[in-house]
Amino acid sequence: MSLSSTGDAFARPARSTAAPRVGLVLLALAMGGFAIGTAEFAVMSLLPYFSAGLGIDEPTAGHVISVYAAGVVVGAPIIAVLATKLSRRTLLIALMAAFALGNGLSALAPSYGWMLLFRFLSGLPHGAYFGVAALVAASLVPANRRALAVARVMLGLTIATILGVPLANWLGQVLGWRWGFGVVAALALTTVILISLFAPKDKPQPGASALRELGALRHRQVWLTLAIGAVGFGGLFAVYTYIASTLIEVTQVAPAMVPVVLAIFGLGLTFGTLAAAWLADRMPMASIAIILIWTAGSLALYPFAAGNIWAISVVAFMIGCGGGLGTPLQTRLMDVAQDAQTLAAALNHSAFNTANALGPWLGGMAIAAGYGWTSTGWVGAGLALAGLAIWLVTVWDAKSRNMVATGASA
């Protein structure tokens with residue numbers, strides 16, 4: 001199947017005769033990304049506060065982040081397969097409502113055990129939401145602009161790191177960490193309203209079934225693409241999870257400076273997402289390697305920059321730029337998953353949240369072993385390079401399959 005035919009097969013769900021207002025649809029979808037991004041990254045920035053509030057040490061508190069990621073990993077494929085008979089609009093509304101509930105419960109968690117449960121439940125809708133939102137966004141534009149459309153949805157998440165996360169961190173310092181989760185619940189309910197108002201009223205996909213979606217798992221290129229994200233993105237999370245603690249303990253800044261550096265990271269993430277989309281629409285596979293190399297280099301600079309607020313701010317921006325990796329991987333999956341788009345799109349976010357579990361776990365192990373807060377930079381650089389190695393295997397496998405196909409047709 002050619003790239004163009006793949007894009008056509010993917011891009012056009014059944015919809016109502018009224019043309020959707022593309023800008024408003026993307027805004028509604030991006031608001032969901034804003035809510036999810038605030039929840040996912042704010043927990044990391046609030047780690048020093050809720051660990052104290054729940055009476056646990058910070059490496060143990062990192063498990064709260066990992067269990068959320070585990071919820072994403074588990075929830076994305078299960079929801080994508082079981083919800084095949086629902087329209088995409090209905091599914092998006094249901095997922096955001098569930099996300100609001102999970103975060104509202106997190107704000108009320110009375111103990112560490114309950115917090116683990118509520119964060120797991122909060123993670124279940126995450127991957128499926130982003131996967132379906134990406135499909136809806138790409139269906140509204142020509143195939144050669146789909147990476148940009150997906151990036152605009154993801155901008156909700158990146159802007160969350162500029163505005164939502166610093167706000168949640170500030171609330172955590174001033175009013176208590178529970179307010180951070182309460183704000184996320186309110187944002188999720190706002191998304192439910194916006195999607196209800198602006199998303200096109202579509203019908204379930206013709207011929208959709210659980211078996212058709214599971215067909216994505218037959219393609220080796222799908223698994224390899226997912227592995228790039230699951231490993232390569234882990235480096236960013238290895239550093240970001242503990243960046244607040246690093247700023248306080250190593251850089252020795254006042255707590256009020258932590259949200260500033262987090263916002264700088266968010267600016268890098270926003271710039272990187274747009275730059276990655278531009279690259280992905282022009283050089284789909286090469287863009288993945290470029291981002292992984294940039295990420296590895298930026299993470300390797302982190303241990304050297306941690307002692308100075310100006311240096312660590314610059315490096316935080318550079319590391320944030322590497323967050324654009326999600327867009328080219330998402331569009332790559334659209335090309336290789338054929339007619340199992342929903343599951344493949346959702347699994348992309350399972351892969352990233354495997355990275356979200358793997359990075360903090362390995363980073364926490366390095367810290368607990370006595371290598372210091374800055375050791376997460378070396379852990380992260382190693383993960384980014386491992387992702388690059390998987391990319392090389394992916395390119396080799398794709399070329400081998402093309403050679404076999406060409407020989408068979410001859």
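This is a predicted model: local features need pLDDT of at least 70, side-chain atom pairs count only at pLDDT 80 or more; totals for chains, interfaces and linings use all residues.
**Helix packing and cores**

Q: Roughly how do α2 and α4 run relative to each other?

A: α2 and α4 are roughly antiparallel to each other. That label applies to angles over 145 degrees; under 35 is roughly parallel, 65 to 115 roughly perpendicular, and the rest oblique. Helices here are DSSP runs of H or I with at least four residues, strands are E runs of at least two, and both are numbered from the N terminus.

Q: What angle and axis distance do they pack at?

A: About 150 degrees, with the axes of α2 and α4 (residues 58–82) 9 Å apart. Axes are lines fitted to C-alpha atoms, for helices over the stretch in contact, and angles run from 0 to 180 degrees between N-to-C directions.

Q: Which residues make the contact?

A: I36, E40, V43 and M44 on α2, and V64, I65 and Y68 on α4. Contact means heavy atoms within 4.5 Å.

Q: How far apart are the end C-alpha atoms of α2?

A: They are 33 Å apart, which agrees with the 34 Å that 24 residues should span at 1.5 Å a residue. The expected span is 1.5 Å times one less than the number of residues.

Q: Which residues touch the most other members of the largest nonpolar core?

A: L29, F41, F50, F99, Y129, Y240 and W391, out of 101 residues. Helix α2 (residues 22–45) supplies the largest share, twelve residues. A nonpolar core is a set of buried Ala, Val, Leu, Ile, Met, Phe, Trp, Tyr and Cys residues joined through side-chain atoms within 4.5 Å.

Q: What does L29 touch?

A: L92, Y129, A133, V136, A137 and V153, not counting residues up to four places away in sequence. Another core of 14 residues lies apart from the largest one, with A80, A230, L333 and A337 among them.

Q: New topic, G180. Buried or exposed?

A: G180 is buried, at 4% relative accessible area. G180 is in helix α9 (residues 178–198), and beyond four places in sequence it contacts L46 and A168.

Q: And L383, where is that?

A: In helix α19 (residues 375–409). L383 is buried, at 9% relative accessible area. Its contacts beyond four places in sequence are V231, G232, G234, G235, L358, G359 and L362.

Q: Last one, Q252. Where does it lie, and what is its phi?

A: Q252 is in the loop between α13 (243–251) and α14 (258–280). Its phi is near 60 degrees, a positive value in a residue other than glycine. Q252 counts as exposed at 62% relative accessibility.

Methods: Residues are numbered from 1 along each chain as its sequence is written. Side-chain values use heavy atoms; hydrogens and water are left out. Buried means under 20% relative accessible area, exposed over 50%, partly exposed in between (1.4 Å probe, protein chains only).
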